[in-house]
Amino acid sequence: MSNGSGLFDRYYSEFDIIFAGGGTTACVAAGQLAACDSSLKILILEVGEHILNQAAHVQPYQYVTHQVPTIMACTCVPASDFDDWGADGWESQNLTPLMKKLETYEVQPDGPTHGNNGPIRVSYGGLKTGIWEEFVHVGTTYHKRPYANDTDDLETCNTYSPVLVAYCEGGSRMRRYINGKTGKHSDMAHHYVYNQAHNPNLQLWVGKLMKCVIFEDKYAVGVEFTCDLVSCPDADQSLSIIRALKLIVVSARAFGLLAIFERSGIGAEGVLKHCGIEQPVNLPGLSDHNGHFVPYFAAEGAVTLDPLWRGEESVVQESLAQWKSNGKSLITQNGCDAKIKAMGSAFQTPWKEFFQDRPDKAIAIFALCAGYVPLLSVFPLHNYLSTTYITLYPMSVGSVYVKLGENSKEVLDFTMGFLDDPSDIIPLNFGYKRTHEIFQHMPSYRGEVPAGHPYFQGGMSGPVDLNAHAPDIIYTSEDDEVIDKFHHDCSTSSLLSSLGTCTMKPESDQGVIDAWLNMYGMVNLKVADMSIALKNVGMIALLIGEKAG
């Protein structure tokens with residue numbers, strides 16, 4: 001496998017298949033195709049740098065150092081998310097075999113939706129922090145919610161009828177894409193692409209920024225790209241063209257993909273006309289999870305990742321030595337542990353229209369982290385805990401388009417759209433209250449970090465003995481306003497899983513991609529990444545890659 005590390009790698013001037021983007025989906029699809037037919041000449045153009053055996057990518061605790069971090073959490077969407085697509089071949093019953101094919105599920109072999117012989121390993125990681133037991137114990141004791149052994153079975157969410165209770169929870173220790181034996185991150189690049197270094201026909205060129213797809217009439221015949229200024233600041237910035245003999249697959253995520261297509265002349269007519277871009281096909285349908293991290297002080301003896309994330313040399317060296325010896329230690333952790341899927345009926349319209357008849361859908365996930373990453377450098381040396389509550393189906397929708405900026409250069413016109421729909425703030429406010437109640441009863445809890453919480457008149461109370469049967473925290477209407485303002489003012493952020501800019505649905509419904517991942521109106525052009533999804537994320541990126549391959 002060639003890595004394109006020189007000024008320009010000219011092994012071929014043309015390939016059978018070109019992948020524009022080298023993320024999760026592209027690695028899976030390209031790797032599958034190359035393994036099936038090694039004579040296929042396949043090129044992956046990736047804007048980032050190589051990650052082969054780099055510590056920041058194979059040591060799970062270092063995920064926080066990535067430019068676009070991922071917590072390596074293995075979560076799967078409910079069956080109804082697949083079925084809602086309404087696309088032939090993408091129903092949950094057809095995708096379950098692919099789920100099983102791609103993974104080796106070390107947690108509980110032989111589960112109905114889990115595999116035993118796939119390239120991607122799923123485990124709890126190499127070492128427990130102990131914090132998750134506290135979190136789940138409180139959730140199952142104080143809130144009297146049942147423990148769910150597997151919330152990634154496409155079904156588990158509700159334990160109680162939504163008609164009888166306002167919300168429903170199920171908690172489990174979070175599974176991760178980590179090899180339980182070696183303690184290494186089990187990622188797609190290493191297990192689908194780098195492991196085929198013996199195949200010269202599979203090439204990965206890094207530091208390459210896609211400009212556009214080249215068309216001859218309606219046929220996609222090549223791509224135009226240059227060297228990326230960020231990863232290759234000293235490289236030649238001239239444009240290069242490579243031809244595709246069979247197929248071009250764009251896999252550049254929601255933002256990169258849309259810009260590539262609009263620069264190629266694919267998109268809404270008004271946008272392209274304003275930028276002076278010729279339009280070969282009119283697709284006006286080209287169009288995230290909200291979440292928030294909240295920090296708490298932890299007990300002095302609590303096991304957290306804070307010393308590793310601070311770079312305390314003695315802790316790092318001791319943990320590295322153990323990791324290299326037996327694949328254990330805190331190196332094998334990402335800090336994220338228990339998760340609770342929650343449902344709430346405080347917002348009646350979204351509930352009735354979207355959730356009520358889909359009992360497998362959760363409104364939000366609550367996750368625990370043994371440590372605190374944001375702003376850690378300005379916090380005092382201490383052990384921390386943190387929680388994040390993530391909405392899975394926000395109603396607000398943003399947009400991104402190409403426009404002409406200064407000096408007539410193309411730039412992205414991005415409207416974030418977070419919390420534009422007033423119903424989206426409700427599960428966030430609920431998430432803050434519920435997770436605070438859980439943390440307050442945990443033995444390792446030592447109070448709130450003021451800078452990361454709403455400011456309440458009178459402050460908050462300290463730790464509560466779980467056996468003391470302390471009453472729930474009572475929030476006044478004024479407190480609710482403070483929490484609401486807190487989430488708006490803190491710019492509740494994306495969880496880096498933007499999607500839906502190139503949806504797979506009927507063209508008459510402003511869809512862009514058909515069930516075979518072909519772009520309407522074009523030939524030899526496919527899309528394979530999360531931009532085709534309508535809602536939610538999770539394991540879908542892997543499954544799209546499996547399906548595309």
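Predicted model: local features only at pLDDT ≥ 70, side-chain atom pairs only at ≥ 80, totals over all residues.
1. Ground rules. Local features need pLDDT of at least 70 and side-chain atom pairs pLDDT 80 or more, while totals for chains, interfaces and linings use all residues. Numbering runs from 1 along each chain as its sequence is written, and side-chain values use heavy atoms, with hydrogens and water left out.

2. Cores. A nonpolar core here is a set of buried Ala, Val, Leu, Ile, Met, Phe, Trp, Tyr and Cys residues joined through side-chain atoms within 4.5 Å; buried is under 20% relative accessible area, exposed over 50%, partly exposed in between (1.4 Å probe, protein chains only). The largest has 75 residues, with Phe19, Met519 and Leu525 touching the most other members. Helix α1 (residues 24-36) gives the largest share, 7 residues. A second, separate core of 37 residues includes Tyr296 and Ile473.

3. Helix α11 (residues 348-355). Helices are DSSP runs (H or I, at least four residues), numbered from the N terminus. Pro350, Trp351, Phe354 and Phe355 are buried. They span an arc of only 105° around the axis, so they sit on the same side of α11; the arc is taken from the directions from the helix axis to the C-beta atoms. Lys352 and Glu353, on the other side, are exposed.

4. Aromatics. The whole structure has 9 aromatic pairs (ring centres within 6.5 Å, using the six-membered ring of Trp; planes under 30 degrees apart are stacked, over 60 edge-to-face, the rest tilted). Tryptophan 85 and tryptophan 90 are edge-to-face, because their centres are 5.2 Å apart with planes at 75°. Both are buried.

5. One cluster. Tyr432, Phe456, Tyr475 and Phe486 form one aromatic cluster. Phenylalanine 456 and tyrosine 475 are both buried.

Technical notes:
Helix = DSSP H or I, 4+ residues; strand = E, 2+ residues; numbered from the N terminus.
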